[in-house]
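Hello,

Here is the model I promised to pass on, with my notes below it. Have a look at the structure and then read on.

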Amino acid sequence: MISVRNLCKDFGAHKVLRGINYEIGQGEKIVIIGPSGSGKSTFLRCLNLLETPTSGQIFFEGTEITGKGVDINKIRQQMGMVFQHFNLFPHLSIMDNLILAPVELKLMTKEEAKEEALRLLDIVGLREKADSYPGQLSGGQKQRIAIVRSLALKPKMMLFDEPTSALDPEMVGEVLEVMKNLAEDGMTMAVVTHEMGFAKEVGTKVLFMDEGVILEEGTPEEIFGDPKQDRTKEFLSKVLI
Amino acid sequence: MTEWWNDLVAKFVLDFVEKERWRYITNGVVVTLQVTAASLLMGLVIGILVAIVRTSHDQIGKKNLHGFSGFLIRVLNAICSIYLTVIRGTPMMVQLMIMYFVILASSTNKFLVAFLSFGINSGAYIAEIMRSGIMSIDKGQMEAGRSLGLGYAKTMQKIIMPQAIKNVLPALVNEMITLLKETSICGTIGLNELTRGGDIIRGVTYDAMLPLLVVAAIYLAIVMFFTWIMGLLERRLRESDIR
Ligand SMILES: Nc1ncnc2c1ncn2[C@@H]1O[C@H](COP(=O)(O)OP(=O)(O)OP(=O)(O)O)[C@@H](O)[C@H]1O
Ligand SMILES: [Mg+2]
């Protein structure tokens, strides 16, 4: 579904990504772990070109999205992204947050979009919040809304950048629950997270990133049970106390 | 005491009642408000456009500005920078006179001269207000909009600008108050606005005190009215932030 070739990203003199090669297949759930500053967010943000790669290629369903003349807005519609800080639109009601993109992009009429939004709100159990504003919601509720806001475009793939890191502990579960259901429905997912339980349970592959490269990859059993690299062992020993 | 009072009443009658001289004041208020409103509208249009050019130039970043659109943005940004520097670096009075005696020397429409001068002038200040408003919006908002497949312009229009304008509403009301007071210099080009109205009465009756006090009181009343509106606005905005 997505194929990354020799992806590099510099911020000035700082080489943040130093040659990433990876393929994500249809229906896979990739969990990306690694120390702070290792380039996890940058990698994810390159996938939908929120960051412009310095060099390298990214193919999405066979199209080179790093090439010239691609309509990146079209590609992004098919790749939902969920942020650590939710980034809901505070001036719009929950309903308007959900229907803004589908209606503006002329993918649905307003009525269709509203119907779809209510269906999605039902799935995350937040139908009664349709007319509320983001400021009236708890963190966990906001993140669930942010997830369905992306789903309203019926994306083929979802990117999650530490979706539970800004949440109070008691709200982490409700968001992971939504993500697990999404995974069970067959969504292709790439998730940066520190939730190792989630990684073990849902991940089909775990990538350990360090200093801008994928240092080690494997199934959750391989990475958590029998890590090969010293850096991976060291990292895991710190997070799996 | 009574003598003083009778004197004052006589002056009042002479200044405002005789020959319907109060009309200089009322007509002047109308002209002042018209110039202010028209200039503010023009200033808003210029200000929003300039602010968008400047912020998009800064946000896109130097090395991503290639191709024709990159070239266009650079040219527009340069024009905007010159505009801001010149307008904010020269006195309003001089700008007004240049417009009247040089650029529009052939025009006899003083309202047009005043409205263009003040519109162009306030545009520069509103641009900076709008720019600070746009920059006050968390960059996650732009990223969220773009990640949903919305284009830069659409995201600006639907997500960034509504929040930015809301954030700077009090500053915009302030700009309007400044504008209102500044239009008092339009008398120099012979536009019959409020200040000139009072001045004409003084010239005829040789009484300076009453016309000037009345003029000052009217400016003060209008400004206090808008300050009150601004207070209401700020309270509403604070409430809606909690919501
Ligand atoms: N826009 C930017 N400009 C300059 N440097 C940046 C920018 N974005 C990220 N960086 C730098 O790139 C490096 C990698 O950042 P990145 O956010 O990808 O790390 P991360 O693995 O997601 O870390 P964390 O776990 O803290 O989120 C960091 O050193 C960061 O300071
Ligand atoms: Mg990160």
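Let me start with a strand pair in chain A: β3 (residues 29–33) and β9 (residues 205–210) run parallel and are joined over 4 bridges. Within this pair, I30(A) sits opposite K205(A) of β9(A). Before going further, please note that this is a predicted model, in which local features need pLDDT of at least 70 and side-chain atom pairs count only at pLDDT 80 or more, while totals for chains, interfaces and linings use all residues. Residues are numbered from 1 along each chain as its sequence is written, chains are lettered from A and ligands numbered from 1 in the order in which they are written, and side-chain values use heavy atoms, with hydrogens and water left out.

On terms: helices (H or I, at least four residues) and strands (E, at least two) are DSSP runs numbered from the N terminus, and two strands count as paired if DSSP finds at least two bridges between them.

The six-stranded sheet

Strands β3 and β9 belong to an open sheet of 6 strands in chain A, ordered β6-β7-β8-β3-β9-β10, with mixed pairing. The edges are taken by β6 (79–82) and β10 (213–218) of chain A; each has a single partner strand, so one side of each lacks a neighbour in the sheet. From one strand to the next the twist averages 20°. Helix α1 (residues 40–47) of chain A packs on this sheet and touches β3, β6, β7 (157–161), β8 (188–192) and β9 of chain A, where contact means heavy atoms within 4.5 Å. The direction of α1(A) makes about 155° with that of β7(A); axes here are lines fitted to C-alpha atoms, for helices over the stretch in contact, and angles run from 0 to 180 degrees between N-to-C directions. Helix α6 (residues 169–184) of chain A lies across β3, β7 and β8 of chain A, at about 150° to β8(A).

The four-stranded sheet

Chain A also has an open sheet of 4 strands in the order β2-β1-β4-β5, with antiparallel pairing. Here β2 (14–24) and β5 (63–64) of chain A are the edge strands, and each has a single partner, so one side of each is left without a neighbour in the sheet. Strand β1 (residues 2–11) is joined to β4 (residues 55–60) of chain A by 5 antiparallel bridges, with I2(A) opposite F60(A) in β4(A). Between β1(A) and β2(A), which also run antiparallel, there are 8 bridges, and S3(A) faces E23(A) in β2(A). Their hairpin has 2 residues between the strands, and G12(A) takes a positive phi near 65° in it. Helix α1(A) turns up here too, lying across β1, β2 and β4 of chain A and running at about 120° to β1(A).

Where chains A and B meet

The contact takes 24 residues from chain A and 19 residues from chain B. About 2000 Å² is buried between the two chains, 58% of it from carbon and sulfur atoms; buried area is the accessible area (1.4 Å probe) that two parts lose on being put together, summed over both.

There are 3 salt bridges between chain B and chain A, each being a side-chain nitrogen of Lys or Arg within 4 Å of a carboxyl oxygen of Asp or Glu. Over all chains, a search of the whole structure finds 22 salt bridges.

Best wishes
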